[in-house]
Amino acid sequence: MSHQQSRSACLLEPEYKQQVRMSVKDKAKLQLSKFDVGDKFSHIPLPKASVLVPLVVKDGKLYVLFTVRSMKLTRSPGEVCFPGGRREPTDIDEIATALREAEEEVGLCAEQAEVICKLVPAIDRTNSIVTPVVAFIEDSFQPHLNPEEVSDVFYVPLDYFIRPSKYKVKHVQMSGRGFVPVHFFEYDDKEHNSSYIIWGLTAHFTVFLALAIFGEKPTFEVEYDLDNLISSAENNFMTLHNIMKNKL
């Protein structure tokens, strides 16, 4: 092959080969850009809340940071969640809420978070719309926990939510929806010598995040059409919203 032919072949290199050379972070950002809902659901007249879903790259692999709620809290003490909470009047949008709560709970400053997107929201048991805001943080981040709200933090590989070693599903009856599947993941953290249970909305958001980034079929059943992931997630959300609206 001549030098000119070689050069032409490089210019015509297939996109998938170019993507192989992309960093883990850049590949994830590219995938997530397809799932950003922007302000699509911001107009819905329900109370608003946000969570920050912090992603970090460690040793070439994606991890998610979780928090453990303080036992001092009256609601869901000791449960695994993401930094987050209700929208305050000073918050300009869902992203501002997520960043403010993350700084209050784990000392993550807004400048330390590279916000990537907002994913399809969910409605919690208080009838609030909860928006997951995905952001990358550096692996050098050192949490400064607010002991009134958070007792611990830990990291889990994101692909654990595609191929978990300890998983179960429970079908819980929801008013107006019948029985719905709730994911439960048990993760053994060797660093902390502890086991954590990740379930509910926290598991719901993390599973969707893993599906969006990896595009793989999980080893368990999910409530989405995997060939039309974002549209089926949006349809699920709007179905739930319409049920809740009819009850109010």
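**Charges and rings in a predicted model**

User: Is Lys118 buried or exposed, and what is its relative accessible area?
Analyst: This is a predicted model, in which local features need pLDDT of at least 70 and side-chain atom pairs count only at pLDDT 80 or more, while totals for chains, interfaces and linings use all residues. Residues are numbered from 1 along each chain as its sequence is written, and side-chain values use heavy atoms, with hydrogens and water left out. Buried stands for under 20% relative accessible area, exposed for over 50% and partly exposed for what lies in between, with a 1.4 Å probe and protein chains only. Lys118 is therefore buried, its relative accessible area being 5%.

User: With which residue does Lys118 form a salt bridge?
Analyst: A salt bridge requires a side-chain nitrogen of Lys or Arg within 4 Å of a carboxyl oxygen of Asp or Glu, and the structure holds 13 of them. For Lys118 the closest N and O atoms of the pair are 2.9 Å apart, the partner being Asp39. The pair links distant parts of the chain, with Lys118 in strand β5 (residues 114-118) and its partner in the loop between α3 (24-32) and β1 (48-58), 79 residues apart; helices (H or I, at least four residues) and strands (E, at least two) are DSSP runs, numbered from the N terminus.

User: What is the bridge partner of Val64 in β8?
Analyst: Strands pair if DSSP finds at least two bridges between them, and strand β2 (residues 61-69) pairs with β8 in the antiparallel sense over 7 bridges. Strand β8 (residues 150-157) is largely enclosed by the rest of the structure, because 6 of its 8 residues are buried. Within β8, the partner of Val64 is Val156.

User: How far apart are the ring centres of Tyr167 and Phe220?
Analyst: Rings of Phe, Tyr and Trp (its six-membered ring) pair if their centres lie within 6.5 Å, and planes under 30 degrees apart count as stacked, over 60 as edge-to-face and the rest as tilted; the structure holds 14 aromatic pairs. The planes of Tyr167 and Phe220 stand at 25 degrees, so the pair is stacked. Tyr167 lies in strand β9 (residues 167-174) and Phe220 in the loop between α5 (200-214) and α6 (229-247), so the pair ties together parts that are 53 residues apart in sequence. Tyr167 counts as partly exposed at 27% relative accessibility and Phe220 as buried at 8%, and their ring centres lie apart by 4.5 Å.

User: Which side chain of opposite charge is nearest to Asp189, and at what distance?
Analyst: Asp189 has its place in strand β10 (residues 178-189), and its side chain reaches the backbone nitrogen of Glu191 at 3.0 Å. Lys and Arg count as positive and Asp and Glu as negative, while His and the chain ends are not counted. Asp189 is buried yet has no salt bridge, the nearest side chain of opposite charge being that of Lys58, away by 8.5 Å.

Terms used:
Polar contact = N/O pair within 3.5 Å; in protein donor to acceptor, adjacent residues only side chain to side chain.
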